[in-house]
Amino acid sequence: LLLNKANILIKQKKIKFAISILNDVEKLDKEDCNCLNLLGHCYSEIGNEEKAIEFFEKAISINPNFIIARDNLGSVYRASSEYLKADEIFNDTLKIKKGSVSTLNQKARLLMDLEGHKEAIGILKNILKENVRYSDAWNNLGMAYEHLRDKNLSDLQEAVNCFKKVTIYDPKNVFGWTNLATTSAALKKFDEADRIMEKVIKEFS
C-alpha cells in the first residue's frame, strides 16, 4: 500500500513526499527492490544522480535480473554523459534478457546521443515491428529521423509520421505533440504547427 501511495505521489510530481514514504518502507525492509528502484527514480527526477545510482545499484545487487532498475541505472549514466558505463549496463542487461524492448529503446537513445541515428533507427524499427503501440519508441524514432546529419524532406516527413503515432497511442504525451509541432514547422506547415501548439497550450498548461 505504501509503495502504491508513493507511485501516485511520483505521478503527481510530489517527489519529496514520495521519498519520505519510501524511506519509511526501506527502514522496514532494506531488501525491497521495488522500493529501492523507486527511490532511485525519485532522486533522478530531482537531479541527484549520485543518490539515484546508489539506489539503483542496491536494487540490482539484491536482484541482478531486475531489468527496470538496470534500464534506469543506464539511463542515469546516459543523462550524465557517462556513455561507456551506460553502454556496458545496457549490453549486460541484453545478455540477461535478450531482446528486452525497454533496454533496446534505451540503447537507441544512447546511440542518438552519440550521433548514431541510422543505427538507432534500425533498432527502433525492429522494436516497433513487435510493439506497434510503444509510444516512447515512436517518439525516439521520430527524433532519430529529425536529427539525421544528411536528412532531407522525406526524413522530416517520416519524423512527422512517427510523432503522429505518439499522439495516437499516447494522447497525453506532451513531448509527442510538441515534437509534432516543431517538425511540422520545419516542413513549413505553419498552420498545422500553430494548431498543434494551441492544443498543447490549452490542454497541457
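**Helix packing and selected residues in a predicted model**

Reader: In what crossing does H6 pass H7, left-handed or right-handed?

Author: This is a predicted model, in which local features need pLDDT of at least 70, side-chain atom pairs count only at pLDDT 80 or more, and totals for chains, interfaces and linings use all residues. Residues are numbered from 1 along each chain as its sequence is written, and side-chain values rest on heavy atoms, with hydrogens and water left out. Helices (H or I, at least four residues) and strands (E, at least two) are DSSP runs numbered from the N terminus; a crossing is left-handed if the near helix is turned anticlockwise from the far one by less than a right angle, and right-handed if clockwise. The crossing in which H6 passes H7 is left-handed.

Reader: At what angle do H6 and H7 pack, and are they roughly parallel or antiparallel?

Author: Axes are lines fitted to C-alpha atoms, for helices over the stretch in contact, and angles run from 0 to 180 degrees between N-to-C directions. Angles under 35 degrees count as roughly parallel, over 145 as roughly antiparallel, 65 to 115 as roughly perpendicular and the rest as oblique. The axes of H6 and H7 are 10 Å apart, and the packing angle is about 155°. H6 is therefore, relative to H7, roughly antiparallel.

Reader: How do the residues of the contact of H6 with H7 divide?

Author: Contact means heavy atoms within 4.5 Å. H6 contributes Tyr-83, Ala-86, Asp-87, Phe-90, Asn-91, Thr-93 and Leu-94, which meet Thr-103, Leu-104, Gln-106, Lys-107, Leu-110 and Asp-113 of H7. Ala, Val, Leu, Ile, Met, Phe, Trp, Tyr, Cys and Pro count as nonpolar, Asp, Glu, Lys and Arg as charged, and the others, Gly among them, as polar. The division is 6 nonpolar, 4 polar and 3 charged.

Reader: How far apart are the end C-alpha atoms of helix H7?

Author: The expected span of a helix is 1.5 Å times one less than its number of residues. Helix H7 (residues 101-113) has 13 residues and should therefore span 18 Å.

Reader: Which helices are included in what covers the buried residues of H7?

Author: Buried means under 20% relative accessible area, exposed over 50%, and partly exposed in between (1.4 Å probe, protein chains only). In H7 the buried residues are Thr-103, Asn-105, Gln-106, Lys-107, Ala-108, Leu-110, Leu-111 and Met-112. Their cover includes H5, H6 (83-96), H8 (117-130) and H9 (135-146).

Reader: How do the residues of the contact of H7 with H9 divide?

Author: The H7 and H9 axes come within 10 Å and cross at roughly 20°, so the two helices are roughly parallel. Their crossing is left-handed. From H7, Asn-105, Arg-109 and Met-112 meet Asp-136, Ala-137, Asn-140, Met-143 and Ala-144 of H9. These residues comprise 4 nonpolar, 2 polar and 2 charged.

Reader: Which residues does Ala-144 touch, not counting residues up to four places away in sequence?

Author: Ala-144 belongs to helix H9 and counts as buried because its relative accessibility is 0%. Its C-alpha atom is separated by 9.5 Å from that of Leu-111, 33 residues apart along the chain. With residues up to four places away excluded, Ala-144 touches Met-112, His-117 and Ile-121.

Reader: What is the relative accessible area of Arg-78?

Author: Arg-78 is part of helix H5 (residues 67-79). Beyond its neighbours within four places in sequence, Arg-78 is in contact with Tyr-83, Ala-86, Gln-106, Arg-109, Leu-110 and Asp-113. Arg-78 is buried, since its relative accessible area is 14%.

Reader: How do the residues of the contact of H1 with H2 divide?

Author: The axes of H1 (residues 2-11) and H2 (residues 15-28) come within 8 Å and cross at roughly 165°, so the pair is roughly antiparallel. H1 passes H2 in a left-handed crossing. Leu-2, Leu-3, Lys-5, Ala-6, Leu-9 and Ile-10 of H1 make the contact with Ile-15, Phe-17, Ala-18, Ile-21, Leu-22 and Val-25 of H2. The division is 11 nonpolar, no polar and 1 charged.

Reader: Where does Lys-13 lie?

Author: Lys-13 has a positive phi, near 65°, although the residue is not glycine. Lys-13 counts as exposed because its relative accessibility is 60%. Its place is the loop between H1 and H2.

Reader: What is the relative accessibility of Glu-115?

Author: Glu-115 is found in the loop between H7 and H8. Phi of Glu-115 is positive, near 70°, in a residue other than glycine. Glu-115 counts as partly exposed because its relative accessibility is 44%.
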